[in-house]
Amino acid sequence: MKSMVPDTLVFLFGFFLLFVNVSELHAQQASTDKTTKPVTETRMGYLRAYEPQLALSVLDIPPRDEGVAGANVAINDNNTTGKFLSQSFALDVIETKFDADVVPVFKEMLARGDRFILTDISAKQLLSIADLAKDSGALLFNVGATDDILREEQCRSNVFHTAPTRTMLADGLAQYLVWKQWRKWVLLYGSHERDQLYADAIRRAAARFGATIVEERVYEDKGTARRTDTGVIQVQKQMPVFTQNLPEHDVVVVADESEVFGSYVPYRTWTPRPVAGTAGLVPSSWHPASEQWGGSQIQNRFDKANGRRMLSKDMQAWTAVRILGEAVTRTKGNDPAQVEAFIKADDFSIAAFKGQKVTFRNWNWQLRQPILLGDGHSVVSTSPQEGFLHQFSELDTMGVDRPETKCKLN
């Protein structure tokens with residue numbers, strides 16, 4: 001009787017070869033489909049005004065990559081999702097000088113094809129390119145300038161602001177001071193334009209929330225070399241004299257964006273009082289010690305990538321890039337008109353590790369966001385404070401609300 005074993009082996013071997021060939025064919029087809037599927041590449045520009053800066057404390061000197069580092073982390077976050085959707089994201093950084101004419105370099109960015117551009121430049125520089133960007137179909141994301149005029153008298157429909165305004169920062173601080181029942185303020189401000197704009201925001205916040213500025217004093221910048229010319233002993237003598245004979249007050253509010261005297265005020269006033277503003281208790285969009293609401297997650301990613309903690313401008317740039325990434329993902333393309341329409345939709349929001357989703361105000365395209373109040377080591381509180389109510393969003397209790405706006409978008 002003939003054995004069936006050889007025939008069985010031949011049959012099994014033939015079936016095995018057929019299975020392998022079919023599987024290999026499917027794998028090749030899948031590989032071919034994967035490689036032929038087009039990848040949507042979205043390039044973002046980053047226009048930055050940079051020069052080395054001094055500060056009263058070496059610990060306050062801005063990092064060389066401030067802002068850019070946050071944008072790069074967000075690019076990596078976008079690419080993590082994008083690789084599953086055949087999307088890629090890249091960042092082109094262009095640097096210029098403070099107060100330089102940015103129009104030529106901006107035209108170069110447009111000629112290269114950049115249509116989504118983050119800006120960390122002055123209000124004057126931003127206004128010089130805003131209309132040019134609109135005519136070219138480009139969207140701008142202001143990640144640096146806090147000037148209210150960019151959201152009010154000189155607002156533009158193609159400019160989105162992830163940086164908070166001075167009025168938002170001042171209102172966030174004022175809410176906490178009033179909540180603490182510290183309603184009598186002394187205002188010390190510098191002699192430069194930025195200092196006076198911050199002082200204006202403080203005055204507005206005091207009137208808005210029922211505080212009283214019992215006295216104001218201006219600190220004139222006499223053009224010294226700050227740290228090298230000042231010395232601890234001299235400062236220890238100057239600040240008590242500068243703050244002597246003040247009316248009864250609860251807190252000293254400092255407006256010194258120019259870093260001329262503000263850091264010298266805490267612990268050196270004639271009368272022992274808490275200090276807030278640009279020194280002491282400082283309002284900001286982010287704090288390097290923030291770890292609530294998943295903040296430790298972004299902080300760890302950022303620290304691993306950059307070897308330092310995340311600062312406010314890093315978070316503002318990160319948020320702008322993530323907004324663009326979300327829009328490109330949802331619209332399945334990088335057409336500026338579709339991206340703009342998605343961002344401007346009433347239901348648009350994005351998570352930003354601040355306890356609630358953040359949204360844009362459709363009357364001036366300013367990002368609503370909580371304001372963190374912190375000292376050099378920790379987050380002391382977060383505004384809006386409890387009890388400050390609003391019919392639409394409590395975040396609109398900080399900054400210019402819809403009934404107050406002077407913005408006329410076109």
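These exercises, with worked solutions, concern a predicted model of a protein chain.

**Exercise 1. Describe the chain as a whole.**

Task: State how many helices and strands the protein chain has, and what share of its residues is buried.

Solution. Step 1: the secondary structure consists of 11 helices and 12 strands. Step 2: the protein chain has 410 residues, and 49% of them count as buried. Step 3: the accessible surface is about 20200 Å², with 54% of it belonging to carbon and sulfur atoms.

**Exercise 2. Classify an aromatic pair.**

Task: Determine whether the rings of Tyr219 and Phe261 are stacked or edge-to-face, and where in the chain the two residues lie.

Solution. Step 1: a pair of aromatic rings is described by the distance of the centres and the angle of the planes. Step 2: the whole structure holds 11 aromatic pairs. In the pair of Tyr219 and Phe261, the centres are 4.7 Å apart and the planes are at 15 degrees. Step 3: planes under 30 degrees apart count as stacked, and the pair of Tyr219 and Phe261 is stacked. Step 4: Tyr219 is in strand β7 (residues 212-219), while Phe261 is in the loop between β8 (251-255) and β9 (275-277). The two are 42 residues apart, and the pair links distant parts of the chain. Step 5: Phe261 has 0% relative accessibility and therefore counts as buried.

**Exercise 3. Trace the largest nonpolar core.**

Task: Find which residues of the largest nonpolar core touch the most other members, and which element gives the most to this core.

Solution. Step 1: the largest nonpolar core has 40 residues, of which Leu118, Phe141 and Ile343 touch the most other members. Step 2: the elements that each supply at least two residues include β1 (40-49), α2 (68-82) and α10 (312-331). Step 3: α10 gives the most, with 9 residues. Step 4: apart from neighbours within four places in sequence, the contacts of Ile343 include Phe141, Ile323 and Ala327. Step 5: a second, separate core has 28 residues, among them Val178 and Trp185.

How values were computed. Residues are numbered from 1 along each chain as its sequence is written. This is a predicted model: local features need pLDDT of at least 70, side-chain atom pairs count only at pLDDT 80 or more; totals for chains, interfaces and linings use all residues. Side-chain values use heavy atoms; hydrogens and water are left out. Rings of Phe, Tyr and Trp (its six-membered ring) pair if their centres lie within 6.5 Å; planes under 30 degrees apart count as stacked, over 60 as edge-to-face and the rest as tilted. Helices (H or I, at least four residues) and strands (E, at least two) are DSSP runs, numbered from the N terminus. Buried means under 20% relative accessible area, exposed over 50%, partly exposed in between (1.4 Å probe, protein chains only). Accessible areas come from the Shrake-Rupley method with a 1.4 Å probe; for residues, only the protein chains shown count as cover. A nonpolar core is a set of buried Ala, Val, Leu, Ile, Met, Phe, Trp, Tyr and Cys residues joined through side-chain atoms within 4.5 Å. Contact means heavy atoms within 4.5 Å.
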